Amino acid sequence: MMSNKRSIAGVLGAIAAITLFLLVNPWIVVEPDTTANQLITAVFWISFLALVVVLFEMRKEPGGETIEIEGPPFTRFLFGNSRAGLFWLPIRIFVGFAWLEAGYHKFSGTGWMDGGAALKGFWEKAVAVPDTGSPAITYDWYRSFIQMLLDNNAQTWFAPLITFGEMAVGLGLIVGLLTGFAAFFGALMNMSFLLAGSASSNPVMFTLAIGLMLGWKVAGYYGLDRYVLPLLGTPWHPGPIATGGGTAPTPTPTPTAPTPQT
């Protein structure tokens with residue numbers, strides 16, 4: 001079964017790689033907004049998403065979780081040892097206060113909580129295509145998305161959503177509560193601003209947020225996650241809250257090989 005899925009994954013990966021090459025390479029250009037371009041794009045996304053599904057199913061097969069390529073010991077320590085929480089603590093505080101300050105500035109200022117005029121102006125500037133030079137937004141699909149929000153006056157509710165979202169991300173990171181989720185939504189907002197053509201501090205914030213996401217198990221250890229995560233558990237190992245009571249599960253000790261007798 002594993003061998004069959006491995007073969008299917010290989011085929012899907014090859015199709016995804018070839019179609020993506022046709023879409024992005026500078027030598028064989030498929031004109032945009034043509035039937036061929038739309039067909040190749042559809043084949044890429046179908047094959048790629050199918051590949052993700054197959055790989056996820058392969059993980060459940062015997063040997064699917066075997067580590068074949070060992071990572072550096074320091075990386076394992078950084079992302080999996082509670083003592084590494086001291087490394088992530090100043091990063092959490094730095095990113096958290098940056099988000100909290102940004103959100104509070106919008107909350108206490110004008111143009112965000114009073115109709116979203118500031119956000120509307122930012123969107124209108126982002127979607128504009130100048131006669132000369134490069135537009136702020138590189139990808140047409142994101143420009144269409146922002147234009148759809150403008151056409152529906154979404155700034156009236158989107159601006160408060162961003163405001164409270166930034167403050168929630170900041171508070172979550174500062175106190176170390178659901179650090180991985182807070183970092184994810186922070187990175188999502190950073191990426192949204194970057195796609196709209198705003199660099200500012202977003203590249204640095206995005207990079208640090210990715211690190212916090214990778215270290216989600218220990219990044220909030222010196223915070224509320226030290227107590228919350230064992231209670232919540234994970235989808236693959238639910239905690240007492242998810243199972244309806246009891247105490248935090250005790251990890252099962254790994255059996256060791258018997259000591260040879262002499």
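User: Where is threonine 132 found, and why is it called exposed?

Analyst: Threonine 132 sits in the loop between helix H5 (117-127) and helix H6 (140-151); helices here are DSSP runs of H or I with at least four residues, numbered from the N terminus. Its relative accessible area is 66%. Buried means under 20%, exposed over 50% and partly exposed in between, using a 1.4 Å probe and protein chains only, so threonine 132 is exposed. Its C-alpha atom is separated by 33 Å from that of tryptophan 157, 25 residues apart along the chain.

User: Before we go on, what sort of model is this?

Analyst: It is a predicted model, where local features need pLDDT of at least 70 and side-chain atom pairs count only at pLDDT 80 or more, while totals for chains, interfaces and linings use all residues. Residues are numbered from 1 along each chain as its sequence is written, and side-chain values use heavy atoms, with hydrogens and water left out.

User: Why are H4 and H9 called oblique to each other?

Analyst: Helix H4 (residues 85-108) and helix H9 (residues 202-214) pack at about 130 degrees, with axes 10 Å apart. Angles under 35 degrees count as roughly parallel, over 145 as roughly antiparallel and 65 to 115 as roughly perpendicular, the rest being oblique; H4 and H9 are therefore oblique. The contact (heavy atoms within 4.5 Å) includes Trp88, Ile91 and Phe94 of H4 and Met205 and Leu208 of H9.

User: What makes the pair of phenylalanine 44 and tryptophan 45 edge-to-face?

Analyst: Rings of Phe, Tyr and Trp (its six-membered ring) pair if their centres lie within 6.5 Å; planes under 30 degrees apart are stacked, over 60 edge-to-face, and the rest tilted. The centres of phenylalanine 44 and tryptophan 45 are 5.1 Å apart and the planes lie at 65 degrees, so this pair is edge-to-face. Phenylalanine 44, at 11% relative accessible area, is buried, whereas tryptophan 45, at 47%, is partly exposed.

User: How do you know that phenylalanine 79 and tryptophan 88 are stacked?

Analyst: Their centres are 5.8 Å apart and there are 20 degrees between the planes, which falls under the stacking limit. Phenylalanine 79 has 23% relative accessibility and counts as partly exposed; tryptophan 88, at 4%, is buried.

User: How many aromatic pairs does a search of the whole structure find?

Analyst: It finds 15. Ring pairs also link Tyr139, Trp141, Tyr142 and Phe145 into a cluster.

Note on methods:
Axes fitted to C-alpha atoms, helices over the stretch in contact; angles between N-to-C directions. Helix = DSSP H or I, 4+ residues; strand = E, 2+ residues; numbered from the N terminus.
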